[in-house]
2 protein chains.
Amino acid sequence: MSVDANETGGQGTRRLARTAYSAADLDADLRWWDAANYLTVAQIYLQENVLLRAPLDAAHVKPRLLGHWGTSPGLSAVYTVLNRLIRRTDSAWLFVTGPGHGGPALVANTYLEGTYSEIYPDVTCDGQGVLRLCRQFSTPGGIPSHVSVETPGSIHEGGELGYSLAHAIGAALDSPELLVACVIGDGEAETGPLSGSWNSTAFLNPARDGAVLPILHLNDAKISGPTVMGRRSDDDVRADLQGKGWEPVFVEGHDPRAVFAQLTDAIAGAYETILGIQADARGGAVPTIRRWPAVVLRTPKGWTGPHRVDGRLVEGTHRAHQVPLSGVRDNADHLRQLEDWLRSYRPDELFDGDGRIVEDIAGLSPAGDRRMGATPYANGGRLREPLELPPVEDYALDIDRPGGLTHPTTRVLGDYLRDIYRADRRSDGGGTFRLFCPDETASNKLDAVFEVTDRCWQLPARPDDDDLAPSGRVMEVLSEHLCQGWLEGYLLSGRHGLFASYEAFAMISASMVVQHTKWLQHAAELEWREPVSSLNILLTSTCWRNDHNGFSHQGPGLIDTVIPLSPGVVRVWLPPDANSLLAVAEHCFRSRDHVNLIVADKQPHLQYLTVDEAASQAAAGASVWHWAGSERDGAEPDIVLACAGDVPAQELLAAADLLRKELPDLMIRVVNVIDLMALLPPGEHPHGMSETYFADVFTTSVDVVFAFHGYPRALHQLLHGRPHAGRFHVRGFSEQGTTTTPFDMVVLNRMSRYHLALEAMRRAGADGERAERLAQFCRSQLARHHDYIRQNFEDLPEIQEWTWT
Amino acid sequence: MSVDANETGGQGTRRLARTAYSAADLDADLRWWDAANYLTVAQIYLQENVLLRAPLDAAHVKPRLLGHWGTSPGLSAVYTVLNRLIRRTDSAWLFVTGPGHGGPALVANTYLEGTYSEIYPDVTCDGQGVLRLCRQFSTPGGIPSHVSVETPGSIHEGGELGYSLAHAIGAALDSPELLVACVIGDGEAETGPLSGSWNSTAFLNPARDGAVLPILHLNDAKISGPTVMGRRSDDDVRADLQGKGWEPVFVEGHDPRAVFAQLTDAIAGAYETILGIQADARGGAVPTIRRWPAVVLRTPKGWTGPHRVDGRLVEGTHRAHQVPLSGVRDNADHLRQLEDWLRSYRPDELFDGDGRIVEDIAGLSPAGDRRMGATPYANGGRLREPLELPPVEDYALDIDRPGGLTHPTTRVLGDYLRDIYRADRRSDGGGTFRLFCPDETASNKLDAVFEVTDRCWQLPARPDDDDLAPSGRVMEVLSEHLCQGWLEGYLLSGRHGLFASYEAFAMISASMVVQHTKWLQHAAELEWREPVSSLNILLTSTCWRNDHNGFSHQGPGLIDTVIPLSPGVVRVWLPPDANSLLAVAEHCFRSRDHVNLIVADKQPHLQYLTVDEAASQAAAGASVWHWAGSERDGAEPDIVLACAGDVPAQELLAAADLLRKELPDLMIRVVNVIDLMALLPPGEHPHGMSETYFADVFTTSVDVVFAFHGYPRALHQLLHGRPHAGRFHVRGFSEQGTTTTPFDMVVLNRMSRYHLALEAMRRAGADGERAERLAQFCRSQLARHHDYIRQNFEDLPEIQEWTWT
């Protein structure tokens with residue numbers, strides 16, 4: 001069921017959510033909370049006697065105590081209160097746990113609501129199940145200590161902090177009926193990415209998107225010190241959030257009854273406000289900027305846990321962060337304190353004789369997919385529909401002959417994306433595909449998308465703005481973290497998308513790529529997690545062609561970050577031209593559970609392959625470009641010239657051209673590699689070329705001069721294990737750059753046509769008069785270039801361009 | 001001169017800074033501004049006739065127009081106003097340019113103040129100098145388009161956005177007399193790192209540190225769209241900044257006279273407030289939390305530039321971002337408009353007959369080192385004093401025999417850091433060394449530092465806080481971006497420090513490592529830039545020993561990020577034990593202009609080397625551990641067992657132990673590599689081992705089984721070019737992990753002692769009955785381990801520990 005704005009707006013909504021919270025309701029909720037807290041502590045501490053049917057003995061306690069108590073009771077309180085709201089309003093909520101180390105709390109709550117046992121039938125709804133639940137936690141062969149891919153209802157790990165709110169917003173985009181509760185710890189709130197995520201209000205459209213309710217959980221402390229927002233005044237925290245478009249309600253206290261009542265009211269009020277905002281927007285009211293509600297929850301760290309341990313205050317301090325009572329097996333006092341703590345939740349009243357949660361508690365759970373542990377939004381593959389892709393042939397460039405045409409490579413992708421947007425459009429203005437890009441859609445020549453949609457923008461517009469509207473669905477914000485975080489949330493909740501970035505600045509969110517890859521790697525091992533769309537990252541404005549912006553804009557390092565990650569997940573594509581980019585893009589948009597890096601520059605480049613040739617090559621990973629070589633049938637070439645990437649292909653082909661013309665006896669083979677992972681030995685990556693095909697392409701012993709888009713040694717790490725890997729001589733980006741010309745970039749990095757031709761002659765052992773003449777020509781061209789750079793104030797000679805004949 | 005709180009506090013200061021701004025002053029400042037704007041436009045456009053002594057002709061215009069006009073006039077306005085304040089108050093200011101693409105503006109202003117010509121004598125103070133200034137800009141062989149390492153007075157590049165405020169704060173720490181003007185563009189303000197940097201108020205101590213005046217420059221647009229803060233209301237922007245501890249004054253307008261008057265008043269007022277806050281704090285007044293002043297400057301993008309071009313609004317829109325008039329050589333209208341634009345600054349009144357800046361303008365500059373282009377704070381090597389380092393021997397562990405002792409490796413470093421802090425302490429409570437760490441100092445076992453200092457904290461404290469004080473000088477904030485950004489600013493302004501991070505989460509600021517490395521690489525080419533202290537990054541809580549936190553906490557990828565960067569700058573250290581860590585730390589603290597990654601875990605580890613042995617090995621890069629092998633003099637070993645890193649050393653030594661005992665005839669050599677870059681061929685890195693030494697250590701042909709801390713193929717990329725690189729068989733972190741035991745981590749990644757022993761036997765061709773028996777033992781141990789993991793609920797066998805005999 002989706003929340004219907006017409007039915008729920010106005011006073012009706014108000015009544016619906018803000019029904020009086022009776023003492024009986026409160027008692028009931030506190031019982032759920034007790035059960036969740038009990039199961040949390042039990043998971044951290046117990047390996048036997050988990051229902052405490054007998055006095056606690058040291059042997060019942062785990063030998064190694066791992067886990068985080070501090071944040072857990074607060075998380076469970078929010079979960080409890082939301083459960084009641086969901087039952088009352090039959091609304092769809094997704095729970096994002098920013099403080100991901102509160103894993104045992106989320107496991108406990110999803111166990112209480114029954115989803116845990118449905119997904120993991122071994123963890124039964126009885127005493128044996130509770131025993132398994134406890135034993136598996138943070139145990140070898142069991143489950144991780146964090147809210148992780150294994151946790152029902154989660155799209156967020158929360159190990160590397162900073163992305164909870166971005167993930168929450170991403171899930172809400174184009175999900176008009178979804179409400180996302182996003183708990184943000186005050187530790188995470190100190191990070192840059194989270195701080196920047198508050199700006200998402202400028203991009204969330206109440207008419208078309210769902211909503212996010214941030215619950216900033218200020219429990220004052222991190223691992224061993226206070227937190228900045230925890231120690232700021234309410235006024236400061238309010239101002240901070242208001243300035244970013246949120247209106248916080250404060251809930252603070254130590255007494256559970258008081259806090260639960262306040263929190264219930266605050267969340268119900270926020271729900272009403274959200275529905276009011278949405279109803280206005282969906283009812284076609286003139287949009288006014290209204291602040292989205294938020295909750296600031298100040299509760300003690302380790303709430304309800306041991307107040308003092310060994311004479312020191314623990315509850316409410318950083319000392320409650322992990323395991324408040326340590327050395328329990330060897331410390332009788334601690335053991336007794338642990339038992340008191342566990343018994344304070346009155347386990348005998350929580351579980352029946354079989355160890356089942358008693359009915360009045362279990363009955364507090366929402367039903368079916370409304371349970372936050374069961375929501376399909378957290379298992380996006382259940383919601384995902386394949387993207388409707390127009391035939392790439394319709395966008396392909398006509399190629400008469402290789403190199404006969406120059407075209408900005410990414411522009412064709414822009415046309416393709418435009419029609420993906422067009423085909424994807426829903427009647428309500430939403431859809432299932434979005435482009436995310438830090439203010440560079442036009443700069444990256446993808447602006448054809450603006451023919452069918454706009455930049456998404458909820459703040460005031462001006463007449464001179466270009467392609468900007470609240471209804472726009474291109475996400476531009478000058479934050480790689482937000483772009484990627486939004487997209488990750490969008491994908492994990494079942495949609496499709498592309499993150500396009502300047503190549504160098506994709507490194508800003510490199511750690512997010514690592515973490516998302518880890519998520520997908522482990523998700524693939526869980527049968528219940530349906531596959532989701534791949535994370536597709538287009539790296540454009542590349543190192544070779546950021547000549548105009550200088551050294552800070554020149555860096556292909558994300559390739560190096562991705563290469564060592566899970567071979568089941570990561571792929572790196574280096575389309576040499578526009579039709580290859582189309583073929584790769586189509587493949588990536590169809591693929592699932594992968595991280596695809598696609599490197600393609602936006603500037604005009606030579607075009608080589610027909611779309612059919614491009615598709616064949618993309619499938620093969622690499623191929624021989626016979627038209628560019630000078631082989632004679634049957635004989636091995638004297639030298640293999642290989643390339644990967646657009647600028648490398650151009651320089652390598654120019655070198656091959658020089659060699660073919662000047663040294664007609666030299667047998668040259670030209671190879672292009674489009675799928676970088678194809679270079680890895682088979683068995684090390686699913687795309688690794690077979691030994692036979694690798695030998696067909698590269699021979700087994702001929703020297704290879706390789707022009708590569710990225711850092712040269714990245715190739716050597718891939719090639720280890722291939723026959724005679726030492727015969728590969730790679731030129732690539734060698735961390736030389738500045739504001740200069742494109743040609744100077746290839747010279748500075750010794751990957752110019754002249755460098756390649758010289759290297760090829762050296763490796764092929766080409767000698768004789770003609771070879772010497774060609775070598776001299778190459779050296780003189782380089783000398784001429786050096787003179788040009790030195791003397792450019794006086795003399796601006798044209799760099800001789802490569803011509804394909 | 002330092003600002004003396006006693007002299008300048010109270011009304012005296014007020015008078016000093018807020019002297020009436022006369023019409024003549026305003027006229028004078030506008031003339032400086034005209035000159036700066038003229039030179040900015042001239043740099044972007046002109047290659048001839050740069051003083052416009054003749055009518056502008058198409059041939060005078062550069063063939064390729066590169067650079068960013070939009071932000072430049074605003075930057076120059078701030079610079080102009082600050083110059084007057086500096087002259088009036090004789091205060092020391094550093095200018096940090098967040099919108100780094102305003103390069104031509106900073107070049108123009110530093111040229112006007114004379115510093116540019118002092119540093120680059122070729123760019124003379126006359127017409128020829130102006131010609132060179134214009135021609136060199138964004139030109140091959142000239143200077144980059146950004147405010148970069150080449151720009152006088154800069155410690156910040158501003159190409160990759162997000163770090164300006166962190167750099168500014170870092171420079172202010174422990175610089176009590178310094179004032180840092182930090183211009184933040186509204187594009188940069190959208191980034192996560194910048195958003196989080198506003199929190200720095202919680203860490204800046206007015207008694208001991210300098211101050212930062214953020215000038216948030218809202219000119220509304222980025223490359224092609226509006227900015228979030230640019231479109232928020234003044235109330236929202238005010239609230240946002242207030243919530244983070246800043247009190248903004250708004251300056252807004254289009255009319256230069258009005259804006260200059262307002263801005264002069266706002267900056268003078270901010271100066272007074274800063275001095276008031278400092279005077280109170282330094283006078284020993286009871287500290288009260290006061291907001292630091294900030295300026296919000298709303299001026300049109302491309303202010304004073306072409307208002308409309310081809311009928312479209314340009315000034316005040318994103319269309320003014322780069323080059324507002326394009327195609328000037330081929331468009332007579334644009335050419336005329338360009339000339340009108342240039343002449344609007346009345347160049348004839350700015351330059352004398354020789355092309356020198358006229359005296360009344362030049363006289364507006366502060367003098368000597370007070371000029372912001374000449375401040376030594378921006379050329380920190382001028383201020384830097386070597387760090388006083390206690391002898392590492394005093395902290396070394398006594399080593400009777402290798403492996404005879406277990407100790408948490410980082411703890412000795414904590415002791416060393418404590419005494420560095422102690423030796424460094426200044427009488428005013430400041431110093432020149434700081435540790436930066438995301439709330440993990442204690443967790444990383446470096447907490448000995450708290451014996452002599454505290455966590456830095458300017459917000460309210462509570463009685464139960466540990467080691468927390470306003471005077472504390474350990475910087476803990478849960479933001480890797482802030483930690484590293486502060487440290488970079490601290491180093492570039494002449495101090496020393498260490499950034500200690502969980503290994504996996506150091507990837508969060510990986511792109512900052514890349515950018516800082518680029519800065520140092522280019523700085524080394526500039527004679528006028530004095531060397532600064534190295535950026536030292538300790539990666540601890542490593543992948544192998546984050547068994548308790550799970551997969552998100554396990555990732556050695558920063559090594560892969562660093563390897564391809566400038567060999568002149570980057571080093572990667574893998575100390576196998578505590579004494580090695582001490583030796584490496586001492587080296588790194590003495591080194592200059594490097595980026596040192598030091599990887600050392602915090603958990604108890606076996607200890608092997610005396611401090612002398614450790615120092616020798618660190619100098620050599622790698623060495624044979626004769627005591628662990630079974631070579632006989634004169635003969636080549638049957639197998640080389642190599643390791644790099646603490647856990648790899650432990651597993652490899654255990655494997656060697658098994659092999660020595662069970663196969664006494666097998667000749668084993670054990671090698672440890674501490675300096676990863678030593679593996680690179682000589683010529684590729686200054687630390688690359690000579691061919692001879694490499695052969696002495698690794699032989700030239702014997703197979704090597706290598707246990708490596710990081711991703712295995714990272715080693716292969718280093719080893720390419722070494723003799724028979726294919727003989728190296730590397731085990732390392734293979735992206736397998738979860739919450740588990742340390743031993744399971746090495747098993748999952750196939751780097752356990754048993755895997756290594758099996759691999760060594762295979763590679764050495766060891767066969768026979770004893771070899772088969774050992775192989776069976778290894779396999780059975782692994783099977784036993786697998787059973788343990790599978791059955792750990794029932795059975796918890798001890799993992800057999802390696803014993804050194």
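**Close-up views of a predicted model**

**View 1. Helices α3(A) and α12(A) are roughly perpendicular to each other.** In this predicted model, the axes of α3 (residues 23-45) and α12 (residues 256-282) of chain A come within 10 Å and cross at roughly 105°. That angle falls in the range of 65 to 115 degrees, and the pair therefore counts as roughly perpendicular. From α3(A), the contact is made by A:Leu26, A:Asp29 and A:Leu30. From α12(A), A:Pro256, A:Arg257, A:Phe260 and A:Ala261 take part. Sorted by class, five residues of this contact are nonpolar, two are charged and none is polar.

**View 2. Five strands of chain A form an open sheet with mixed pairing.** The strand order is β18-β20-β19-β21-β22. At the edges stand β18 (622-624) and β22 (728-731) of chain A; each has a single partner strand, so one side of each has no neighbour in the sheet. From one strand to the next, the twist averages 20°.

**View 3. Strands β21 and β22 of chain A pair in the parallel sense.** Four bridges link β21 (residues 704-708) of chain A to β22(A). At one of the paired positions, A:Val705 has A:His729 in β22(A) as its bridge partner. Helix α24 (residues 712-719) of chain A lies across β21 and β22 of chain A and runs at about 150° to β22(A).

**View 4. Chain B and chain A meet in a contact with 99 residues from each chain.** Elements of chain B that give two or more residues to its side include α9 (192-197), α11 (234-243), α17 (510-523) and α26 (769-790). The chain B side divides into 42 polar, 34 nonpolar and 23 charged residues.

Terms used:
Residues numbered from 1 in each chain as written. Chains lettered and ligands numbered in written order. Predicted model: local features only at pLDDT ≥ 70, side-chain atom pairs only at ≥ 80, totals over all residues. Contact = placed C-beta atoms within 7 Å. Nonpolar A, V, L, I, M, F, W, Y, C, P; charged D, E, K, R; others polar. Axes fitted to C-alpha atoms, helices over the stretch in contact; angles between N-to-C directions. Parallel < 35°, antiparallel > 145°, perpendicular 65-115°, else oblique. Pairing = 2+ DSSP bridges.
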